[in-house]
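Here is a short report to read beside the sequence and the 3D view. Keep both open as you go.

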Amino acid sequence: MVLVWLLAVPLLGAAAVLAVPNRSAKAWAATGGLVELALFVLLWVSARHGVNWPWIAAWGIRFQLGADGLSLLMLGLTAVVFAAVLISSDAGAGRVYYFWLLLLEFASIGLFSALDLFLFYIFWEVLLIPVFFLLTGWGGEGGRSAAMRWLVMNLVGSLFMLVGIIAVGVLHSQLTGHLTFGIAQLAGTAWAPAVAPLLFLAFFLAFAIKAPLWPLHGWMPEAYGRAPAPVTALLSGVLSKAGIYGFLRVMVPLFLPELRAYQTPLLILAAAGLVAGGLLALRQQDMKMVAAYGSLSHMGMMALGVFSLTRAGVLGATFYMVAHGLMVGGLFLVLGLLENRAGTRAIAAMKGLNRSAPRLAAYFLFFVLGSLGLPGLPGFAGEYMIIQGLVAHDVVIAVIAGAVLVLAAWYMLRAFQATMQGPVGNVAIPDLLARQVAWLLPLAAVVTVLGVWPSTLTLPAAPSLYHAIHLLAAKG
Amino acid sequence: MLGLIEIVVLPLMGSVTIMAFGGLMPKRLPGIWASLVVFASFLASIAADVRLGHLSAAHRMITGTLGAWVTGFGPAIGWRLTLDPLSAVWLLVITGIGFLIHVYSNGYMHGDSGEARYFSYLNFFIFAMLLLVLAGNLLILLIGWALVGLASYFLIGFWYERTSAVLAAKKAFVMNTVGDVGVLVGLALLYLRYHTVAYPGLFHAFASAVPGQPFFEWTAFLLYIGAMAKSAQFPLHMWLADAMEGPTPVSALIHAATMVTAGVYLMTRLFPLLRLAPVTHEMIGVIGAFTAIFAASIAFFQQDIKRVLAYSTLSQLGYMFLGVGVGAYTAAVFHFVTHAFFKALLFLAAGSVIHALAGEQDLSRMGGLAKKLPVTMWTFLAGTLAIAGFPPFSGYFSKEALLGAAFNSGHYGLWLIGVITAGMTAFYMFRLFFLTFFGSPRDQALYQHAHEAPLVMTIPVAILAVLAVAGGALGGGLDRWLAPVFAQYPGAAHAALAAGPIWSTVLTVGLAVVGMGAAYWIYLRRGLAPTAGTETAPGRWMRQAWGLDAAWTLVAVEPSKILGDAFRKMERGVLFAVDGVATGIWAWAEDLRPLQTGQVRRYALSIMVGLFAILAYYLVRGRVIG
C-alpha cells in the first residue's frame, strides 16, 4: 500500500496547492515533495508489496502497480529530483506552476510503477500535459512553439504505441484465449513473423522519441532551452528516463527475439547518437545547450547498455539512469542559478566568475565532473558496466563509447572553464545563498555515495532486479 | 588491512578539512596541517612496509577488501587494497617526497591568496596517488588513476585567472582521459574473460596462458595507452610541457616525481601480461627509447627553465619505459626512485630560482646567480650531475642498469639510442645550469633583488640533494626487496639488476662528459645567448616540439569541430520536418474552428480531463465489481 500512497500524495498535493494562496503554494508543494521522499524511503525498507486490482474487466485491464528493482530505482530518482526541483523553484512562480509540477510527479510515479500496459499508456499520456502547460506558461517567448514540438512529436510516438498495445493484447488473446495487458503475462509471447517488426517499431518509436534518441530528438533543443531551469532538470533528469525505462520494462520482455535480431542496427543507431550528441555539445554557444546535447549523448550511452543485451549492460543502463538523472538534474539546476545571476546563458558573455562566486563554481564543477564520467562519481560506474556489457558483444562499439568519454571531458570542461575561469570580466555575480547550499549539498552527497559505492544500488537491486535480467541470464 | 586504510585516508581527511574549513583557519595553518597529515601517512607507510618485510618471501602481500564496489552482473569487484614490495616502493616515495614538497610549499606558496585551496588540492593528490598504488585490482587502480588526473587538473589550473593555465589544465585532462578509456576497455576485456580484475587472480590465469594471442596483445595495448597518456609517452606527451603552468612544487611532485611515473608502475605491475603480448612489449621499449631521444632534442633550445626540466622528465620517463620494454623491471623501478630524487630536487631548486627572481622563468633574464644563490646552485649541480649520469651520483647507477639490460637482452638499437640520449642529457642540463648560475647577469634589476630562499625551502632541497647524490646505493637493496614480486609469476626472468659490458659504461660516461664540455664551450667560453641557434630551421623545429601540437589540432581537434557543425546542419533539417507537421496540424485545427476553439492548450486540457474521468470511473467501478 505504500506504493499507492506514493502515487496518491503528489495528486493530493496538486489538488491542495490549487486551494492555497499563491504565496504559500511553494511551501505546500515543497512539503509534498519531502513527504514523497520520506514515503520512498519507507518503500525502500518495507516489503514493497504491489497492488493488482481488477479495473476494466471487459478489456482485461487491471490496475496493477509494482516496485521491483528497476521500478524502485526509478521511483527513488523521481522522488529525489522532484524534491530538489520543488525546493529550488522560484517562490513567486504561483500555485498553477506547482500544480503542474506535482501532477507531473504523479504521472512519473505512475509510469514507473505500472505493470499493466494500458495503465502504463495512460500515465504516459498524462505526462505530456503538465510539460505542455509548463512550457507554454513558463517558457517565455518561444515557449509555445517548444510546447508544440513536444506535443506533436510525442503524440505521434504514443499513437503508434497505443496501436501497438492494442495489437499485442489482441494477438496474445488469439493465441491464449484470454485478453490481458499485464506485462508479465504478455512477456515471451512469440509474435507472428509478419507483424513482429511492426509491433516492435510501434513501441520503439514511442520510447526513442521520449528519451530522445538521436535523430528523433527534434523536440529536445527548444524544449530544454525554453523551459525554466527546474523544468529542464525534470525533463532531462526524470522524463528522459521514461524512454529507456520503456525499453527495459516493455521491450525486453515482449520483444527479446526481435531485439536480438536487430541488435547490430540498434547498437549502431545508439552509438551514432552518442557520437552526434557529443559533437553537437562541443559546438554550442549556450551553456544550457551544452548540457542538453551532452544529455542527448548520454541517452545514447544508456541505449547502448540496453541493446548490448547483457546483464552488465542492462544493469549499467539502469544504474546510469539514476546516476545521470541526479547529476544532470543537479547540473541544470546549477545552470539555472547561474543564469538568474548572470542574466545570460551565452558562454561568450561570461568569464572568470569563479572569483565572485566560488561556491557556485564548485558545485558547477562537481556536476560537470559527474557528467563527464569521472571515476569515483556514479556516471563512471554506469559507463563501466555498459562498456563491460558491450565488450561481450562488440569491442569496436565499446571503443567508440569510450572515445566519447574523451569528447565529454572536452565539451564539459570547455563550458565550465569559459564561464568560471580565465581573466575576471567586469561582471560579478552573488555567490550561492545558504538556503541553496542546503539542498545542493545533500544532492551532491547522495551522488558521491553512489559513485563510491555503486553497490548500494546494484547490490539490493540486482538479484531481484527485474524480469529483463532474468530473461537475459537464462539466455546466457 | 588495518594500516593500509589510514595511509590512504589521512591525506583525504586533510584535503576535506582544508577544503571545508580552510577559510576559517589562521594563515599558516592549512600548510602545516597538510604537511603533518602527509607525514603521518609517511610514518604509517613505513610501519606497513616493515610489517610487510616480516612476512615470508613467498607470501609478501597484505590485502583486504572493504566490501563490494559493484556487483550484480558477475563476481563482485571489491574495494580492495593490496600492499606488496612493488607498491611499497612507490608508497615510500609518494609520502616521503610528498612530505618534503609539502614543507617546501609552505615557503613557496606563502602569501598566495589561494594558499588553503592549494594545500587542499595537494593533499587530495597524495590521497589519489596512494589509492592508485595500493589498489588491489585494476578498477580501483583506475579510480585512483583518474583522480590523480583530476588533482593534476586542479593544480595545473591553480592560477585559474591565467588563460594559459586554464587551457593547459584542460589539455592535460582531456589527453589523460584518452588513457583512462584505454585502461577502462582493457580491464573490461580482462573481466570478460577471467571474471576478475584483481591482480593475483589475473596473474594466476596468465601464468598458464600461451603468449601471442591477439586478445593479450589488444588488452596489453589498451592498458599501455593508459600508461602512455599518464606518463606522457609519444604521441600523448604534449600536455606535460604545458602542465608547467602549475606552481613549481606541483611540477616537482606531480609532473616529475610521482604521477607521471604511474604508467611505469602499471606496466611493471602487469609484467605477467606483457609476457603474453610480445609485440606490445617490444613496442613499449621502442616508443620509450624514441620518447627519450625525441624529448631530449626538444630540450636543447627551450628558453624556459621549467620547460627544459619538463622535457628532461619526458626523456627520463622514456628511459624507464625502455627498461620495461626490455624486461628490466627492477632497473625501471630503480630509475623511478633515483629520478624522483634528482628531478624533485631540480624542480625545487628551480623553484627557488624562480622565487628569487619574483616569478621569472626565462633563461635569457638569468645568469650569474651562483653568487646570489649559492645553496641553490650547489644543490642544482648535484641534481644535474645525477641526471646526466656522472658516477657516483644516483642517476648513473640506475641509467647504467637500464642500458646494461638493454644491451644484455640484445636490444642493441635501443641501447644505442639510450647511450646517445645520455650525452644529449648532459648537454642540455649543463646548458641550463650554466645559463642560470654562471656567466654575467642578463637582467641587472632581477639580479640585484635576487635572494636565497628561506630555510623552510632550502632544507627539503638539501635533503633531496643528499638523496640524489647517494641514492644509487639503494640499488642492491631494491633488487633484493623486489625479487619476490618478480619471482612469483613467469615473465620477469631478466628483472634483476645486471651490469652491462664495461666499455658501454665508459662510452656513456664519455658522451656525458662531451655533452657537458660542449655546453661549457658554447655557453660559457663563447658566451652565446640562450636563444642561439633557435632561429635556424632545425632549431625552430625542435623548439616548437616538432610541430606535434599543430598535428594534433589537424587530426583530432578540427575534424571534431567540422563534424559537430555538420551535425548541426543536419539537425536543422530534422527540425524543419517537425515544424512542417506541427504547422499542418495547426492549419487543420484552424479549419475546425467553428466547432472548436482552435487552441491546442484547450485540447490538451480536455484530453487530460477525459483521461482522469475514465480513470476515476473505472477505478471506482472496478473496485465495486471486484
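## Basis

This is a predicted model, in which local features need pLDDT of at least 70, side-chain atom pairs count only at pLDDT 80 or more, and totals for chains, interfaces and linings use all residues. Residues are numbered from 1 along each chain as its sequence is written, chains are lettered from A and ligands numbered from 1 in the order in which they are written, and side-chain values use heavy atoms, leaving out hydrogens and water.

## Chain B overall

Chain B holds 25 helices and two strands. Both are DSSP runs, numbered from the N terminus: helices are H or I with at least four residues, strands E with at least two. The C-alpha trace of chain B spans about 100 × 60 × 50 Å along its principal axes.

Chain B has 626 residues, and 60% of them count as buried. Buried means under 20% relative accessible area, exposed over 50%, and partly exposed in between, with a 1.4 Å probe and protein chains only. Take the contacts (heavy atoms within 4.5 Å) in chain B between residues at least 6 apart in sequence: 81% join residues at least 24 apart.

## Helix H20 of chain B

The expected span is 1.5 Å times one less than the number of residues.

Which residues of H20(B) are buried? They are B:Met457, B:Thr458, B:Pro460, B:Val461, B:Leu464, B:Ala465 and B:Ala468. Seen down the axis of H20(B), these fall within an arc of 160 degrees, so they line one face of the helix. The arc is taken from the directions from the helix axis to the C-beta atoms. An α-helix has 3.6 residues a turn, so residues three or four places apart point the same way.

The buried residues of H20(B) pack against helices H3 (85-108), H15 (329-356), H16 (374-388) and H17 (394-408) of chain B. On the face turned away from the buried side sit the exposed residues B:Leu455 and B:Val466.

## Helix H13 of chain A

H13(A) runs over residues 311-342. Its 32 residues should span 46 Å at 1.5 Å a residue, and its end C-alpha atoms are 45 Å apart, which agrees. H13(A) is mostly covered, with 28 of its 32 residues buried. A:Gly343 follows H13(A) and has a positive phi, near 75 degrees.

## B:Leu202

B:Leu202 lies in helix H7 (residues 199-207) of chain B. It counts as buried because its relative accessibility is 0%. Not counting residues up to four places away in sequence, B:Leu202 touches B:Leu138, B:Leu190, B:Tyr194, B:Thr196 and B:Val197. The C-alpha atoms of B:Leu202 and B:Leu190 are separated by 8.0 Å.
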